[in-house]
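Subject: Structure handover

Hi,

Here is the structure we talked about. Please open it first, then read the notes below it.

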Amino acid sequence: MNILLILPILVPFITAILCLFFWGRVHFQERLTVAGMLILLIIGIALLSDVHENGIQTAQLGSWEAPFGITFAADMLSSIMVTITGLMGLMTALYSVVGMDETRERFGYYPLLNILLMGVCGAFLTGDVFNLYVWFEVMLIASFVLLALGGERAQLEGAIKYVTLNLVSSAIFLMATGILYSVTGTLNMADLHLVVGDVKQPGLVTVLAMMFLVAFGIKAAIFPLFFWLPASYHTPPVAVTTIFSGLLTKVGVYALIRFFTLIFVHDTNYTHTLILIASGFTMVVGVFGAVSQLEMRRLLSFHIVSQIGYLLMGLGIFTAASLAASIFFMVHVIIAKSALFLVSGVVNRLSGTYDLKKLGGLYKASPTLSILFFVPAMALAGIPPLSGFWAKFALVRAGLEAEDYLIVAISLFVSVFTLYSMIKIWSEAFLKKPKVTPGQINFREADWLQMLFPLAVLAGLTLVLGIAVDPVYQLAQEAAEQLMNPTLYVTTVLGGE
Amino acid sequence: METVLAFVIGILFAVGIYLMMRRSLVKLIIGLGVLGHAANLLIFTVGRLTRGEPPLIGKHEEVLSGTFADPLPQALILTAIVIGFGVQVFAAVLIKSAYRIVGTDDLDEMKSTDETQP
């Protein structure tokens, strides 16, 4: 039993409980949360280096041996995701200290944030299908409340759509889990890998694969199941949008990668081609949606959809190189997209609006903020030497190697529009003469610096990821190789059978 | 018994989806609830129905023998019911405050977050 597998869940849980004890003392909750997230990040890095050195780690909860008990397993993909969760948690918490209004903080913002991260980490680490469902629900309930917290009109309208679609997705997930159990007699993912191939009705297995694809597809916002995302993600405060965009849809993508590399690999011609087609449509529809938007957060929300397409492209091509590219892309896009959302929050604090038509003159008002927008925006568009360039380069190369020329062409075509919409924000919000003058910076110097600090870290990371690609890319490659050879995962979990 | 339950599940799904397609918020939430029950009943049925065969190990035996009811699907349903209950309570509170703030329970009126212009 490796304690590092349990700590990513325990730390946010304990922090949340401590926050509840200090309900009335918001500033103490802030400090607790920042400390908790920092510990989570450190644990993530420790887990990553442990898995990197000693191979896949497992923990059997309650000492019930797999496949009978609940198994936790961390391979490279899981540990990379836990690390990035810690990073995102820390950055969001740091931003929230200044960026979140006190009313929301007083009504349990910090405990909810911690619970959300507990659910996310649990989903990344579990090795059991039903347990995954439970972690999804933990995460969803926290996200429901975070989305509606504050009770503004737009938030409630967005929350209704978000809650409904996610509950439908959960119902499909639950049904698929039940049928999967009745067909195979197990819910342990490693055990399923062994058993699914022997099922006498391959058609039923494909139906199950499609049910899981729809269930996770709704959560990951793939075409044609994405429409709840641009309707709801821009409504809560920016810190909440940031953590949602960074982690929640990515949990859906993670689940898809896990299921379609470990369990449903019996008919890749059908399932993975379908994923590839969906990814192409997701990219195109997402980016066209973004191009037509005039509200900064809505524009960025549509971009989330578009980027999900890239992540699925690697899964659809289904080679070690393409999966590695997808994982690298995931790290890149979480960082770059979160930085952009945080910038939109600061922009709103300066100008009082997200409307690109009304915004303007921000470059004159704050050159620092402009650079902090420009770097992640160009990274998202894929300009060298930033992280996005290498992520797209790797994906395109993997696509060419696998001779999937159409999807490569689509992905390059979509990049042009990504660049266009980023330049649109740049010229509308930063360069153009303002219709309303950006308000004087109406907060203290220390607050201003504290708001920009997480932005600077994230923007810096996209630059670092771009210049020093190799170490991170090697980790992604290692993760992809583990995914392509599930035998290793299976023997580690089931104990050398 | 399976046949009866299959029809019951089918009807529950139809009712749930029909209610969700209505414009009224209250019907939406009831529909979601019915859908959840349909899913639970589905798991119960596909987990194989056995009557009067509790999964208990006899006094002089080491392992289970003969036919017995699989307790796992029922454990899954129990968990799902508890989760579903929590979520539905939240949804009920959500529609109440949405009704109070937006002033309508018609879903077609709730499209301000979908418009291109902010």
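Start with Glu403(A), which sits in the loop between α17 and α18 (405-431) of chain A. Its phi is positive, about 60 degrees, although Glu403(A) is not a glycine. The residue is exposed, with a relative accessible area of 55%. Keep in mind throughout that this is a predicted model.

Most residues other than glycine have a negative phi, and most peptide bonds are trans.

Ala221(A) is another non-glycine residue with a positive phi, near 65 degrees. It lies in the loop between α9 and α10 of chain A. Is Ala221(A) buried or exposed? Ala221(A) counts as buried, because its relative accessibility is 0% and the cut-off for buried is under 20%.

A cis peptide bond joins Phe223(A) to Pro224(A), with omega at about 0 degrees. A cis bond also runs from Pro384(A) to Pro385(A), where omega is near 5 degrees. Pro385(A) is in the loop between α16 (367-381) and α17 (387-401) of chain A.

**Interface of chains A and B**

On chain A, 40 residues are in contact with 38 residues of chain B. The area buried between the two chains is about 3,200 Å². Carbon and sulfur atoms give 76% of that area. What is the count of salt bridges between chain A and chain B? The count is zero. Three residue pairs are in polar contact across the interface, with both residues at pLDDT 80 or more.

On the chain A side, the elements that give two or more residues are α6 (129-148), α7 (153-184) and α10 (228-232). The largest share comes from α7(A), with 19 residues. By class, that side has 23 nonpolar, nine polar and eight charged residues.

**Salt bridges**

Over all chains, the structure holds nine salt bridges. Three of them may be worth a look in your viewer.

- Arg104(A) pairs with Asp101(A), with the closest N and O atoms 2.8 Å apart. Arg104(A) is buried, at a relative accessible area of 8%. Asp101(A) counts as partly exposed, at 30%.
- Arg106(A) pairs with Glu102(A), and here the closest N and O atoms are 3.1 Å apart. The residues are separated by about one helical turn, because they are four residues apart in helix α4 (residues 102-106) of chain A. Arg106(A) is partly exposed, with a relative accessible area of 45%. Glu102(A) is partly exposed too, at 38%.
- Asp108(B) and Arg23(B) meet at 3.3 Å, N to O. This pair links distant parts of the chain, 85 residues apart. Asp108(B) is in the segment after α3 (71-102) of chain B, and Arg23(B) is in the loop between α1 (2-21) and α2 (25-46) of chain B. Asp108(B) is partly exposed, at 42%. Arg23(B) is partly exposed as well, at 46%.

**Nonpolar core**

The largest nonpolar core has 226 residues. Which of its residues touch the most other members? They are Val129(A), Phe259(A) and Phe264(A). Helix α14 (residues 320-351) of chain A gives this core its largest share, 20 residues.

Phe259(A) touches both of the others, Val129(A) and Phe264(A). Leu132(A), Met189(A), Phe212(A) and Phe216(A) are also among its contacts. That list leaves out residues up to four places away in sequence.

**One residue in chain B**

Thr45(B) is in helix α2 of chain B. It is buried, with a relative accessible area of 11%. Which residues does Thr45(B) contact, leaving aside neighbours within four places in sequence? They are Glu2(B), Leu5(B) and Ile9(B).

Best wishes

How values were computed:
Residues are numbered from 1 along each chain as its sequence is written. Chains are lettered from A and ligands numbered from 1 in the order in which they are written. This is a predicted model: local features need pLDDT of at least 70, side-chain atom pairs count only at pLDDT 80 or more; totals for chains, interfaces and linings use all residues. Side-chain values use heavy atoms; hydrogens and water are left out. Contact means heavy atoms within 4.5 Å. Buried area is the accessible area (1.4 Å probe) that two parts lose on being put together, summed over both. A salt bridge is a side-chain nitrogen of Lys or Arg within 4 Å of a carboxyl oxygen of Asp or Glu. A polar contact is a pair of N or O atoms within 3.5 Å; within protein, one must be able to donate a hydrogen and the other to accept it, and residues adjacent in sequence count only if both atoms are side-chain atoms. Ala, Val, Leu, Ile, Met, Phe, Trp, Tyr, Cys and Pro count as nonpolar, Asp, Glu, Lys and Arg as charged, and the others, Gly among them, as polar. Buried means under 20% relative accessible area, exposed over 50%, partly exposed in between (1.4 Å probe, protein chains only). A nonpolar core is a set of buried Ala, Val, Leu, Ile, Met, Phe, Trp, Tyr and Cys residues joined through side-chain atoms within 4.5 Å.
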